[in-house]
Amino acid sequence: MAGKIDDYLAKLERTRVWRSVFRGGTGSSTLRRALAIQQNVFLHLFSTKVRRRMLRFNATWYLGTLTLGTFLILVTTGILLMLYYRPAVPQAYADVKDLQFVVSSGLFLRNLHRWAAHTMVLLAFAHLFRVFYRGAYRPPREFNWVIGIVLLMITLLLSYTGYLLPWDQLAYWAITVGSNISATVPVIGEKVRFLMLGGHQVNANALLRFYVLHCVILPLAAVLFIAVHFWHIRKDGGLYVRQSEPVREPAKEDESVELEKV
Amino acid sequence: MAEEKKTTRPETEQEISRRSFFTKMGLGSLGIASAGTLAFAYRFLSPNVLYEASPIVNAGQAESYEVNSVTLHVKSAIYLVRLPEGFFSMSAICTHLGCMTAWKQDLGIIACPCHGSHFSREGKKLAGPAPKPLPWLKTWLSDDGDLMVDRSIVIHPLQFLRI
């Protein structure tokens with residue numbers, strides 16, 4: 001039975017359609033493995049080969065990957081929440097209540113979105129501290145640190161813009177206070193606040209602007225910078241590992257040669 | 001031959017080459033287009049019509065306020081105060097970060113729930129992070145005997161409206 005399935009799969013992989021979709025295909029040779037990474041639109045951002053010790057939990061605690069994980073949860077749950085939420089003053093609050101009490105699994109999705117958002121901010125900060133205290137921000141990785149700071153700002157702005165959308169008292173006054181903080185910027189502060197809210201008060205325009213920022217502009221910016229962030233890991237010679245750290249598997253470490261910059 | 005080159009060279013350096021001419025033209029027009037885009041974006045993002053409440057509020061008949069009373073109008077975010085000296089109105093928006101304050105009858109103060117600023121009945125700052133006292137607003141009596149308040153006009157404090 002298993003042999004039959006293997007035969008069928010092998011035949012499938014030889015078909016013209018399959019070969020046109022997965023150009024490189026898989027295989028056990030070093031070249032085939034490298035091509036499988038390099039020729040994939042998503043994976044080509046990464047190194048074709050990595051040192052084994054870079055992938056150990058101890059090296060990074062996987063904090064960056066976990067941050068990406070929460071971001072993917074947020075994108076998925078966020079898109080689903082958008083199906084029931086209308087960013088208009090008469091509907092916004094009621095729609096959120098409907099999500100909680102009327103829509104099947106709505107409460108689960110909303111809570112997942114909220115908790116993932118909190119977790120993402122926490123993980124982003126943890127990642128930043130981890131990188132800082134290990135000195136992984138130093139050359140040649142200094143520009144990737146800068147991109148990381150931009151991503152932290154985008155994360156905080158996503159948090160802030162999402163905070164208004166439930167349109168309850170907490171949201172209203174938090175955005176009132178936050179927008180008044182931005183108004184304290186010298187000279188242009190009042191103008192910044194006016195453009196941000198689309199008016200003098202937190203009102204319909206502010207809700208719509210924050211919605212567009214939260215659901216379109218900031219996520220697109222985040223995806224763009226995440227891609228550059230990952231690509232830079234490869235360009236900067238892979239993840240940072242301290243030279244002084246003991247290598248647990250020296251034989252296998254030598255086996256995977258340092259990857260060339262493709 | 002070598003001398004000839006030396007004499008002709010400075011001339012060609014002063015002339016603008018075709019390449020640099022087009023580069024300058026390109027960068028210049030790009031700059032103009034960017035400035036235009038910025039101006040366009042700024043104008044587009046500033047709403048020309050705002051559906052916000054009028055700054056002028058009708059606070060009702062003057063006789064409906066008792067002497068020594070402080071009344072908060074939640075919707076318009078103003079206090080209407082009647083003291084023995086007369087009437088006045090004040091913004092109820094905290095001067096710190098814009099939260100709505102509340103009148104505490106038992107303590108005789110105005111308090112902000114967000115960051116704990118305290119104000120006196122006349123709007124004077126008593127405690128907290130608020131940088132300024134609560135502003136007094138222009139108040140007058142309409143022909144119908146209603147108290148009118150213009151929230152966009154701040155007046156100096158202690159200008160009571162005597163009726």
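Strands β2(B) and β3(B) (residues 78–83) run antiparallel and are joined by 5 bridges; two strands count as paired if DSSP finds at least two bridges between them. This is a predicted model, in which local features need pLDDT of at least 70 and side-chain atom pairs count only at pLDDT 80 or more, while totals for chains, interfaces and linings use all residues. Residues are numbered from 1 along each chain as its sequence is written, and chains are lettered from A and ligands numbered from 1 in the order in which they are written. Helices (H or I, at least four residues) and strands (E, at least two) are DSSP runs, numbered from the N terminus.

- Chain B has an open sheet of 6 strands with antiparallel pairing, in the order β1-β10-β9-β4-β3-β2.
- The edges are β1 (56–61) and β2 (69–73) of chain B; each has a single partner strand, so one side of each is left without a neighbour in the sheet.
- From one strand to the next, the twist averages 30°; angles run from 0 to 180 degrees between N-to-C directions, and axes are lines fitted to C-alpha atoms, for helices over the stretch in contact.
- β1(B) pairs with β10(B) (residues 146–155) in the antiparallel sense over 4 bridges, and V57(B) stands opposite V149(B) in β10(B).

- β6 (residues 109–111) and β7 (residues 118–119) of chain B pair in the antiparallel sense over 2 bridges, with A111(B) opposite H118(B) in β7(B).

**Domains of chain B**

- Chain B is divided into domain 1 (2–45) and domain 2 (56–155), with bounds that come from an automatic or database domain assignment.
- The C-alpha centres of domain 1 and domain 2 of chain B lie 61 Å apart.

**Helix packing in chain A**

- Helices α7 (residues 106–134) and α8 of chain A pack at about 160°, with their axes 10 Å apart.
- That angle makes α7(A) roughly antiparallel to α8(A) (under 35 degrees counts as roughly parallel, over 145 as roughly antiparallel, 65 to 115 as roughly perpendicular and the rest as oblique).
- By class, the contact of α7(A) with α8(A) has 9 nonpolar, 4 polar and no charged residues (Ala, Val, Leu, Ile, Met, Phe, Trp, Tyr, Cys and Pro count as nonpolar, Asp, Glu, Lys and Arg as charged, and the others, Gly among them, as polar).
- The axes of α8 (residues 142–164) and α9 of chain A come within 8 Å and cross at roughly 130°, which makes α8(A) oblique to α9(A).
- Y160(A), Y163(A) and L164(A) of α8(A) meet A171(A), A174(A), I175(A) and G178(A) of α9(A) (contact requires C-beta atoms, placed from the backbone, within 7 Å).

**Contact between the chains**

- The contact takes 13 residues from chain A and 9 residues from chain B.
- On the side of chain A that touches chain B, α9 (169–182) and α10 (189–197) each supply at least two residues, and α9(A) gives the most, with 5 residues.
- That side of chain A has 5 nonpolar, 8 polar and no charged residues.

Definitions and conventions
Contact = placed C-beta atoms within 7 Å.
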